[in-house]
Amino acid sequence: MQFSGLNSSSNRIFDFICLWMLPAGYFLLLCSLFFLPDRSLLHKFYYGLFSIPSLIALCLRPRELKQLLREPIFIAMLVFAGWAMFSLLWGPGDERFAGKFKAPLHTLMLFAGCYLLVRYRTEIVQPLLFGAAIVGLTASIYNLYMFAQIYTPGARLIGGGAFDNPLLSSHLFGFFCAYWLSLSMTCKRPQILLLSIPAVLIMLTAVIATGSRTPLVALTLAALWLSFTCWNRRSVVLLGVLLASGAAVLMFFSDMIFERGYSYRLQIWQIVLQKIAEHPWIGHGYDASLSVDPGVGYLLSEPHSFALGVLYYVGILGLLPWLFFQACALLCSWRHRVQPLFIIASTWMIFGIGAGLTEGGGIISRPKEHWFLLWIPLALIAALSINQRAGRLLAMSIKKFSQPAFQSLSANARVIEEDGLGPKVLRLEDGSFLKLFRARRWYTSGSFNSYSERFAVNSERLRELGFPTPQILDLYRLDDGSSAVHYTPLPGNTLRQVLQAITAPDVRQALVERFGKFMAQLHERGVYFRSLHLGNVLVLEDGEFGLIDVADLRLYPSALSLSLRQRNLRHMQRYTADRRWLFEDHFQALLQGYGVTASQAAVNRLHKQVLADSATAQVS
């Protein structure tokens with residue numbers, strides 16, 4: 001009993017971390033620099049809400065490491081970080097040895113936390129990115145307004161919050177400009193497109209106002225990458241806009257681009273290359289200092305190139321895994337470009353590669369602006385890759401479904417279910433089913449993850465857990481904003497139909513007991529099926545149970561809490577026939593079957609809840 005209590009407590013802690021702390025920490029990591037007074041608070045937020053919770057989660061459930069250690073991007077990152085730590089042996093060693101492990105550990109926890117976030121809160125990732133981008137957009141509008149009030153020729157925008165340098169500010173402005181650009185290429189709803197296009201222009205204006213040229217090059221590369229990964233009519237428009245924008249920048253901002261020349265980059269790189277040549281294979285050590293005098297009157301501590309920084313600190317042997325995990329991330333994103341999150345993350349990656357050509361140089365650091373150029377997009381791609389391989393993300397493309405095509409497919413179909421707006425489920429001539437999901441408000445979660453996509457992903461994930469579900473054939477998006485899923489139905493009848501046909505009470509009781517065991521298996525595997533009732537459970541030809549209409553479903557990291565189990569049963573009690581068979585005539589059989597898999601505490605709690613609800617219903 002004591003061990004069971006400890007296990008339950010660890011599950012609740014793990015669930016709280018994955019479901020609530022990691023989303024909050026990731027959101028603040030993305031956008032808090034816009035409103036925090038300094039970076040030290042960002043470090044504290046990240047450590048307290050993301051890095052340390054991720055480490056605790058891995059300690060509570062070490063088996064999650066297996067998934068990370070099967071990912072080539074994460075393995076290459078481990079090799080890179082390990083080699084950087086090994087290079088401390090020949091570095092200057094002027095600080096405490098143990099303290100130098102903190103930055104690599106917190107960076108690795110970014111990968112672990114992103115993996116857990118995408119695995120257990122997949123549906124919230126896109127809303128989180130969108131929310132952070134809205135914060136960045138709002139702050140940028142305010143920063144531009146304040147900058148316009150004090151503008152003088154030659155002035156450069158820095159921005160508010162923790163920003164203290166126009167170049168570093170441009171990294172975040174460009175990061176979110178790349179996001180809005182990606183969204184304008186991948187979104188399907190006109191309302192989102194109408195928001196994203198002005199947002200791109202605002203963020204681009206903020207980038208130009210910083211006076212930094214590198215982000216413009218990086219955004220050009222990002223736009224070219226987007227054009228080819230999302231090749232469609234918008235790609236042609238984007239390429240045209242890119243050419244027009246380039247001409248406009250050369251016409252109106254040529255002074256900003258050319259008057260500063262190379263900004264001493266060639267002299268800086270020449271000096272750094274000379275230093276690299278002293279230890280080309282192993283570098284000067286992760287903790288080595290760098291001092292560059294290009295003749296500007298002060299010393300520089302960065303090589304102004306990420307690649308040169310890697311070569312200087314950890315040499316060619318460190319550069320190889322560094323190049324590998326970036327190439328692997330881009331290749332993986334290209335292969336899975338049907339998934340919008342891969343497109344967004346890889347666009348960030350391309351932007352970071354472009355920005356890193358002439359800026360930066362530190363290889364592993366605490367959270368700061370440079371994280372937005374490499375570690376944040378890389379960790380997200382690694383997390384998406386792991387979960388895509390495990391079948392937790394949508395793997396098929398969504399086809400455009402015109403009205404004539406819909407009418408052709410549904411010709412001679414039999415309506416299975418309909419509402420006031422028309423058919424909802426159709427049985428087609430070939431025996432397959434077509435389920436329609438009406439368009440929702442544009443600002444709901446359905447605008448990021450349509451219910452047809454949820455149906456397909458949930459169906460796949462339930463099959464991985466051993467629960468039979470329909471086989472998905474195709475996904476469609478209709479002209480009116482609705483979506484549809486085309487699937488092969490499971491062979492069988494609903495449990496409600498079967499119970500109605502049974503006349504022998506003992507046979508019905510045995511079936512209810514088996515259903516109780518099935519329901520407990522769902523709850524113990526963390527399946528919270530909000531629409532669980534006897535009409536959504538099938539009795540298959542082999543006598544096993546299957547699930548249909550699985551769009552409204554959520555998978556939790558651990559077995560469901562007692563409160564969620566009670567909520568699930570309350571939903572079932574709303575149906576008159578279900579309530580009579582399950583909670584009145586054969587309630588003890590239901591509990592007996594439930595107790596085969598679930599704990600006695602869960603059985604007792606459900607028993608008490610049903611009795612209390614029945615007493616309340618009788619009084620009312």
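Two rings of Phe, Tyr or Trp (for Trp, the six-membered ring) count as a pair if their centres lie within 6.5 Å. With that in mind, welcome to this structure, which is a predicted model.

**Aromatic rings**

The structure holds 38 aromatic pairs. One of them joins F34 and F163 edge-to-face, with 5.3 Å from centre to centre and 80 degrees between the planes. This pair links distant parts of the chain: F34 lies in the loop between α1 (2-31) and α2 (39-60), while F163 lies in the loop between α6 (122-150) and α7 (166-186), 129 residues apart. Another edge-to-face pair is made by Y312 and Y313, with 5.0 Å between centres and 85 degrees between the planes.

| Residue | Relative accessible area | Class |
|---|---|---|
| F34 | 6% | buried |
| F163 | 7% | buried |
| Y312 | 5% | buried |
| Y313 | 9% | buried |

F34 and F163 also belong to one aromatic cluster, together with F130, F173, F175, F176, Y179, W180, W348 and F372.

Rings can also meet charges here. The charged end of R337 sits over the ring of W334, 4.1 Å from the ring centre. In a like arrangement, R454 places its charged end over the ring of Y451, at 4.4 Å from the centre.

**A nonpolar patch on the surface**

W334 turns up again on the surface, as part of a nonpolar patch with V217, L221, L224, F228, W231, V236 and L357. Together these residues have about 750 Å² of accessible area. Which helix gives the patch its largest share? Helix α9 (residues 214-229) does, with four residues. L221 is found in helix α9.

**Strands side by side**

Now for the strands. Strand β5 (residues 471-478) pairs with strand β1 (residues 398-401) in the parallel sense, over four bridges. Across this pairing, K400 stands opposite R477 in β5. Strand β5 is also joined to strand β6 (residues 483-488), this time by six bridges and running antiparallel. There, Q471 has T488 in β6 as its bridge partner. The hairpin of β5 and β6 has four residues between the strands, and in this hairpin G481 takes a positive phi near 95 degrees. In a regular strand, side chains alternate between the two faces of the sheet.

How values were computed:
Residues are numbered from 1 along each chain as its sequence is written. This is a predicted model: local features need pLDDT of at least 70, side-chain atom pairs count only at pLDDT 80 or more; totals for chains, interfaces and linings use all residues. Side-chain values use heavy atoms; hydrogens and water are left out. Patches are made of residues with over 30% relative accessible area and no salt bridge: like charges are joined within 9 Å, nonpolar side chains (Val, Leu, Ile, Met, Phe, Trp, Tyr) within 5 Å. Accessible areas come from the Shrake-Rupley method with a 1.4 Å probe; for residues, only the protein chains shown count as cover. A salt bridge is a side-chain nitrogen of Lys or Arg within 4 Å of a carboxyl oxygen of Asp or Glu. Helices (H or I, at least four residues) and strands (E, at least two) are DSSP runs, numbered from the N terminus. Two strands pair if DSSP finds at least two bridges between them. Rings of Phe, Tyr and Trp (its six-membered ring) pair if their centres lie within 6.5 Å; planes under 30 degrees apart count as stacked, over 60 as edge-to-face and the rest as tilted. Buried means under 20% relative accessible area, exposed over 50%, partly exposed in between (1.4 Å probe, protein chains only). A charge sits over a ring if NZ of Lys or CZ of Arg is within 6 Å of the ring centre and within 35 degrees of the ring normal.
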